Amino acid sequence: MGTETPSPQDMLPLTPVVLHMLLALVDGEKHGYGIMKAVEEDTQGQMQIRVGSLYGSIQRMIDANLIEETEERPVPELDDERRRYYRLTDFGRRVLQAETRRLTNVVGLAQRKHVLDQML
Amino acid sequence: MRPTHLSGFQALSAEVYMQLLRLYPKTYRQKYAVDMQRTFIDCCRAAFQEGGSIGLFKVWLPTLADLGLTVIEKHLDEGLLSSGATMIRAISLVMLGCATLLFAVSWNMGIGFMLLAMVLLIVGALGLFFTSPQGSAIIKRKLSLSDDAVQPLSESQGPQRRQETRGDIIVNKVGRGFWLRWMSASDMGLVVGFALYFQLVVGFASELSFGLQTLISIAGGIFLGASIGLAQWLVLRKQISWPGQWIIASTAGGAVGGTVALIAGEITGEVTDAGFYGALAVGAAVIGISLGIAEWLVLRRYVSQAGWWVLASTVGIVVAIGLSNVLGQALHSVILSIVGDDIARFLAMLIFGGLLLMGYGGITGAVLVWLLRQTVPI
């Protein structure tokens with residue numbers, strides 16, 4: 001029984017946590033703590049992922065082929081070799097692009113409707 | 001992975017977190033536990049650098065909540081809670097945990113809390129019993145299933161335990177797992193038993209005549225000893241072939257200790273100016289000695305150097321009941337002057353809870369593991 005490869009559109013919309021984790025990996029491979037810190041910094045502390053949730057998300061993202069483990073180490077001599085590093089897959093990158101396009105459209109729509117002006 | 005290059009609270013945090021990771025399903029744990037611990041250590045380091053010990057606590061609180069949720073999620077993902085029996089067992093354990101907490105706070109929350117705790121305790125215990133091999137065998141017999149179908153889990157699926165025989169006792173390999181089980185059971189027994197004892201002796205009997213107080217303290221002591229003995233029996237019965245005597249010894253020790261503790265506590269309160277907490281510490285010491293001696297009478301027949309048990313029991317109960325209350329109260333006002341009331345209360349409760357749990361179960365468990373590893377006399 002063959003399984004159909006999902007298209008990036010099938011994965012949308014992404015949850016905020018997955019979106020920010022993918023964004024954190026755009027700059028290159030990172031370990032769990034690196035992803036956690038990157039998300040926290042990217043969101044100015046508004047999103048803090050805890051360890052249990054982080055690895056739960058990592059497992060689901062690997063299963064969905066959004067990210068993968070990598071043997072590459074940014075600074076091998078300073079690192080614990082047992083530590084796992086993760087990077088975006090090609091599919092993950094395309095999903096991130098699709099999500100970014102979707103969000104850009106949402107923001108464009110909101111701007112055309114002057115949502116922010118109304119709020120003010 | 002054992003944490004290295006960490007000090008004090010950080011190393012303790014890493015060790016405790018490593019133990020908590022055992023709650024996750026095995027396959028998940030095998031894959032991610034090392035990374036999770038590594039990441040948690042990094043979080044602790046950063047938090048410690050930023051805010052010291054308070055920073056560490058700020059990491060722990062959300063981590064515990066997150067851990068609780070993700071443990072359930074992962075078990076559901078792996079289908080481990082799909083069988084009815086496993087689900088009931090998990091719910092029963094949660095009920096026992098809640099009952100213990102309710103008993104712990106029921107000392108000054110009234111009889112309603114205690115009744116609710118009692119119901120949770122009984123339902124949780126029944127749930128655990130009927131999902132155990134023995135309990136399910138009873139159910140199947142009642143339902144008239146054939147004996148062939150009644151095969152205890154431990155025989156059909158459970159891992160073979162490493163056993164060695166020493167005279168008429170069977171001693172399974174004891175280690176960290178035994179210590180954890182012992183600590184959980186002992187602390188639960190102590191909290192439940194002491195809450196009942198406290199309600200009866202201090203709450204109910206304080207206005208009665210001395211004779212009636214003595215009678216009630218004997219009853220309270222029996223509850224206390226039986227509760228501890230029964231809970232510890234649940235762990236001991238898998239290790240040794242003489243656990244029944246343990247319940248009898250603990251009950252007797254509790255009855256004597258509970259009665260003498262009332263008198264010793266009253267004398268302390270009247271003769272000295274030690275106040276309530278002083279009387280509590282003295283009472284705890286008396287109960288610890290009495291329980292220790294009674295259980296030593298059982299232990300000494302099978303284990304060499306069993307005398308250490310009396311000391312372990314005494315120190316354990318004094319730390320768990322006396323010191324935890326005294327330190328918790330004393331530190332609350334100290335911490336209050338440094339941080340806000342909520343955090344002070346939380347930290348004081350943490351100190352109280354930590355001493356309570358590590359005190360009795362932790363100390364006696366460590367000594368029992370050591371004793372069971374010793375050679376047997378005769």
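Guide: Going from the N terminus, chain A runs α-β-α-α-β-β-α-α, with helices (H or I, at least four residues) and strands (E, at least two) taken as DSSP runs numbered from the N terminus. This is a predicted model, where local features need pLDDT of at least 70, side-chain atom pairs count only at pLDDT 80 or more, and totals for chains, interfaces and linings use all residues. Residues are numbered from 1 along each chain as its sequence is written, chains are lettered from A and ligands numbered from 1 in the order written, and side-chain values use heavy atoms, with hydrogens and water left out.

Visitor: How much of chain A is buried?

Guide: Of its 120 residues, 40% are buried, meaning under 20% relative accessible area with a 1.4 Å probe, protein chains only; over 50% is exposed and in between is partly exposed.

Visitor: Switching to the interface: how many residues of chain B are in contact with chain A?

Guide: 21 residues of chain B contact 20 of chain A, with contact meaning heavy atoms within 4.5 Å. In chain B, Y32(B), D35(B) and T39(B) lose the most area to chain A, together 29% of what that side buries.

Visitor: What's the buried area between the two chains?

Guide: About 1,800 Å², with carbon and sulfur atoms giving 52%. That's the accessible area (1.4 Å probe) the two parts lose on being put together, summed over both.

Visitor: How many salt bridges across it?

Guide: The rule finds three between chain B and chain A, each a side-chain nitrogen of Lys or Arg within 4 Å of a carboxyl oxygen of Asp or Glu. The side chains of D42(B) and R83(A) form a salt bridge at 2.3 Å, N to O.

Visitor: Which helix gives chain B's largest share?

Guide: Helix α2 (residues 26–77) of chain B, with 18 residues on the side touching chain A.
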